[in-house]
Amino acid sequence: MTKYNARKTCLNGLIFDSKLEGDYFLMLKEKLVNGEIRAFELQPVFLLQDKFKKNGKTYRKIEYKADFKIVHNDGSIEIVDVKGFETPEFRLKRKLFEKRYPYTLTVVKYVKKYGGWITIDEYKKRKRDEKRGK
């Protein structure tokens, strides 16, 4: 179990950081078989900042490892991260990713109350609306 209470899960001989990530993988496999997507890739890595030297000190590069890269049937590319919640580190990496890459970055979570997979942004909006009584 990680510090965020996620349990590593093994599916089809692959290790996922959480059960939710494994569930999303199974959904993508089904979409691929049904021809709903062209392809997908696990844990693509994106360079956010090169390593550099300053005042004699070397700073390591900053990378972002997403959960999935999906190639849709129209050729568009979507990067998906499965999260229970956003950490401050992820929020920063998301901003750096959005500035550097043209791909759509979708952050999803599974919320049964809202019908299953939902984007984090939509989840936040619905929670705000519920607080306001909408």
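Let's begin with rings. Keep in mind throughout that this is a predicted model.

**Exercise 1. Find the aromatic cluster that includes Phe46, and work out how Phe46 sits against Phe97.**

Step 1: list the members. Phe46, Tyr64, Phe90, Phe97, Tyr101 and Tyr103 make up one aromatic cluster.

Step 2: zoom in on one pair from it. The ring centres of Phe46 and Phe97 are 5.2 Å apart, and the planes meet at 85°. Planes over 60 degrees apart count as edge-to-face, so that is what we call the Phe46 and Phe97 pair.

Step 3: see where the two partners come from. Phe46 belongs to strand E4 (residues 45–49) and Phe97 to helix H2 (residues 88–100), so this pair links distant parts of the chain, 51 residues apart.

Step 4: check the surroundings. Both Phe46 and Phe97 are buried.

**Exercise 2. Count the aromatic pairs in the whole structure, then classify Phe16 with Phe25.**

Step 1: a search of the whole structure gives 15 aromatic pairs.

Step 2: for Phe16 and Phe25, the centres lie 4.9 Å apart and the planes are at 40°, so this pair is tilted.

Step 3: now accessibility, where buried means under 20% relative accessible area. Phe16 comes in at 2%, so it is buried. Phe25 has 5%, so it counts as buried too.

While you're looking at rings, turn to Tyr123: the charged end of Lys109 sits over its ring, 4.3 Å from the centre.

**Exercise 3. Which residues of helix H2 are buried, and what do they pack against?**

Step 1: H2 has 13 residues and reaches 19 Å from its first C-alpha to its last, close to the 18 Å expected.

Step 2: pick out the buried residues, which are Phe90, Lys93, Arg94 and Phe97. These cover an arc of only 105° around the axis, so they sit on the same side of H2.

Step 3: recall some helix geometry. An α-helix has 3.6 residues a turn, so residues three or four places apart point the same way.

Step 4: list the neighbours. The buried residues of H2 pack against E4, strand E7 (62–65), E9, strand E10 (104–111) and helix H3 (120–132).

Step 5: Arg94 has a relative accessible area of 15%, so it is buried. Leaving out residues up to four places away in sequence, Arg94 touches Glu86, Leu105, Val107 and Asp121.

**Exercise 4. Trace the strand pairings that involve E8 and E9.**

Step 1: start at strand E8 (residues 68–72), where four of the five residues are buried.

Step 2: look at one partner. Strand E3 (residues 37–42) pairs with E8 in the antiparallel sense over five bridges, and Phe40 has Ile70 as its bridge partner in E8.

Step 3: look at another partner. E8 also pairs with strand E9 (residues 77–82), antiparallel over four bridges, with Phe68 opposite Val80 in E9. Four residues lie between the strands of this hairpin, and there Gly75 takes a positive phi near 90°.

Step 4: carry on to E10. E9 and E10 pair in the parallel sense over five bridges; in E10, Thr104 is the bridge partner of Glu78. E10 is mostly covered, with six of its eight residues buried.

**Exercise 5. Gln43 and Asn55 have positive phi without being glycines: where is each one, and is it exposed or partly exposed?**

Step 1: Gln43 has a positive phi of about 45° and lies in the loop between E3 and E4. With 32% relative accessibility, Gln43 counts as partly exposed.

Step 2: Asn55 has a positive phi of about 50°. Look for Asn55 in the loop between strand E5 (52–54) and strand E6 (57–59). Its relative accessible area is 76%, so Asn55 is exposed.

Step 3: for a glycine example, go to the residue following H3. That is Gly133, with a positive phi near 85°.

How values were computed
Residues numbered from 1 in each chain as written. Predicted model: local features only at pLDDT ≥ 70, side-chain atom pairs only at ≥ 80, totals over all residues. Heavy atoms only, no water. Buried < 20%, exposed > 50% of the residue type's maximum accessible area, 1.4 Å probe, protein only. Helix = DSSP H or I, 4+ residues; strand = E, 2+ residues; numbered from the N terminus. Pairing = 2+ DSSP bridges. Phe/Tyr/Trp six-rings, centres within 6.5 Å; stacked < 30°, edge-to-face > 60°. Lys NZ or Arg CZ within 6 Å of the ring centre and 35° of its normal. Expected span 1.5 Å × (residues − 1). Arc of directions from axis to C-beta. Contact = heavy atoms within 4.5 Å.
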